[in-house]
Amino acid sequence: MTKIIQISDPHIVPEGELAYGQVDTAIYLKACVETINRFLPEIGPVDMAFVAGDLTDFGTAEEYKRFCNIMEPLEIPYRVIPGNHDNVSKMRTSFSDKDWMPNSGPINWTAEFPDIALIGLDTNVDGKSHGHLTANSLNYLEEKLAVFGTKPVIVATHHPPVITGIEKMDIQNLRDSNKLKSILSTYQGELKLVCGHIHRNIVAQFGSVICQIGPGTSHAVSMDLREGAPNCLTKEPGAFLLHEIRNGIITHSIPVGQFDGPYLFYPDR
Ligand SMILES: [Fe+2]
Ligand SMILES: [Fe+2]
């Protein structure tokens, strides 16, 4: 049974800086790596991890180097897709030694396992906050799905195509998503769309598929559904997702950190 971990939105900044003057994002990504490694005996083996975008805050080579250093102890292989805070060309250079990294064009890739396939898609628009899938990326997705037939598939994008009610994020979502909805909804096998960007665990329907937005590793976008709500972050606990195949695709959310327990519910029985 294949298991895949989704990490999202670590927003690594240069050493000595805080993201938005508030969050030491590096310590949370380190804690995420430690949490995953510590949990592997209970939840593993895990076949692959991926980072669903916003690896860095400003997309600089220095930030990618720091990101890679922090991820280095992770005991499972990982891949990345870009978010709006990333720089596609700097990201390509930083992972140029990886066989899954395309030499040019959007950072789209596919990982196939015996019981599931994972397709990562690049929704980055250079210099913009919102997301878009180019015709090239949509063609890539269609071609891959045609090969997989009825195999369960997870499609990963940074920007979600759904409206969450968090106004300042919704205006940055994945635009022009009707073609994506049609491609995903007509797939003959089980398919789940997973995203990042909102830094919150949110589940929504997108056409005929489930869309799950993963939590971030550090700060969350503040939970404020009022019209005109300010664009804020809140230092809620970070988390990551574990996707696996049982009767179908099931997703667990696991908080970053170390917590008391486990305790037997009934130690005397
Ligand atoms: Fe983000
Ligand atoms: Fe983002």
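Let me start with the iron ion (ligand 1), where the four donor atoms subtend angles of 87 to 176°, which makes the arrangement irregular. Irregular here is what remains when four donors are neither tetrahedral, with all angles between 85 and 135 degrees, nor square planar, and six are not octahedral, the last two needing opposite donors over 155 degrees apart and all others between 65 and 115. This is a predicted model, in which local features need pLDDT of at least 70 and side-chain atom pairs count only at pLDDT 80 or more, while totals for chains, interfaces and linings use all residues. Residues are numbered from 1 along each chain as its sequence is written, chains are lettered from A and ligands numbered from 1 in the order in which they are written, and side-chain values use heavy atoms, with hydrogens and water left out.

The protein donors of this iron ion (ligand 1) are Asp9 (OD), His11 (NE2), Asp54 (OD) and His199 (NE2), at 2.0 to 2.3 Å. A donor is an N, O or S atom within 2.8 Å of the metal, or 3.2 Å for Na, K and Ca, and because water is not among the atoms, sites may look incomplete. Along the chain these donors follow the spacing D-x1-H-x42-D-x144-H. Histidine 11 sits in the loop between β1 (3-7) and α1 (25-43), and histidine 199 in the loop between β7 and β8, so the pair ties together parts that are 188 residues apart in sequence. Helices (H or I, at least four residues) and strands (E, at least two) are DSSP runs, numbered from the N terminus. Histidine 11 is buried, with a relative accessible area of 1%, and histidine 199 is buried as well, at 6%. Buried means under 20% relative accessible area, exposed over 50%, and partly exposed in between, with a 1.4 Å probe and protein chains only.

Which residue bridges the two iron ions? Aspartate 54 does, and the iron ion (ligand 1) and the iron ion (ligand 2) lie 3.4 Å apart. Aspartate 54 is placed in the loop between β2 and α2, and at 1% relative accessibility this aspartate 54 counts as buried. Its phi is near 55°, a positive value in a residue other than glycine. As background, most residues other than glycine have a negative phi, and most peptide bonds are trans.

Turning to the iron ion (ligand 2), the coordinating atoms come from Asp54 (OD), Asn84 (OD1), His158 (NE2) and His197 (ND1), at 2.1 to 2.2 Å. The four donor atoms around the iron ion (ligand 2) subtend angles of 89 to 160°, which makes this arrangement irregular too. Here the pair of histidines links distant parts of the chain, with histidine 158 in the loop between β6 (153-156) and α5 (167-170) and histidine 197 in the loop between β7 (191-195) and β8 (202-206), 39 residues apart. Histidine 197 is buried, with a relative accessible area of 3%, and has a positive phi of about 80° although it is not a glycine.

Proline 160 is also placed in the loop between β6 and α5, and is buried, with a relative accessible area of 1%. Not counting residues up to four places away in sequence, proline 160 touches several residues, among them His197, Ile198 and Ile213, where contact means heavy atoms within 4.5 Å.

Next, the helix α1. Its 19 residues should span 27 Å at 1.5 Å a residue, and its end C-alpha atoms are 25 Å apart, which agrees; the expected span is 1.5 Å times one less than the number of residues. A kink of about 25° lies at asparagine 37 in α1, shortly before proline 41, the bend being the angle between axes fitted to the seven residues ending there and the seven starting there. The buried residues of α1 pack against β1, α2 (61-71), β12 (239-245) and β13 (249-255).

Two peptide bonds are cis: glycine 44 to proline 45, with omega about 0°, and glycine 261 to proline 262, with omega near 5°.
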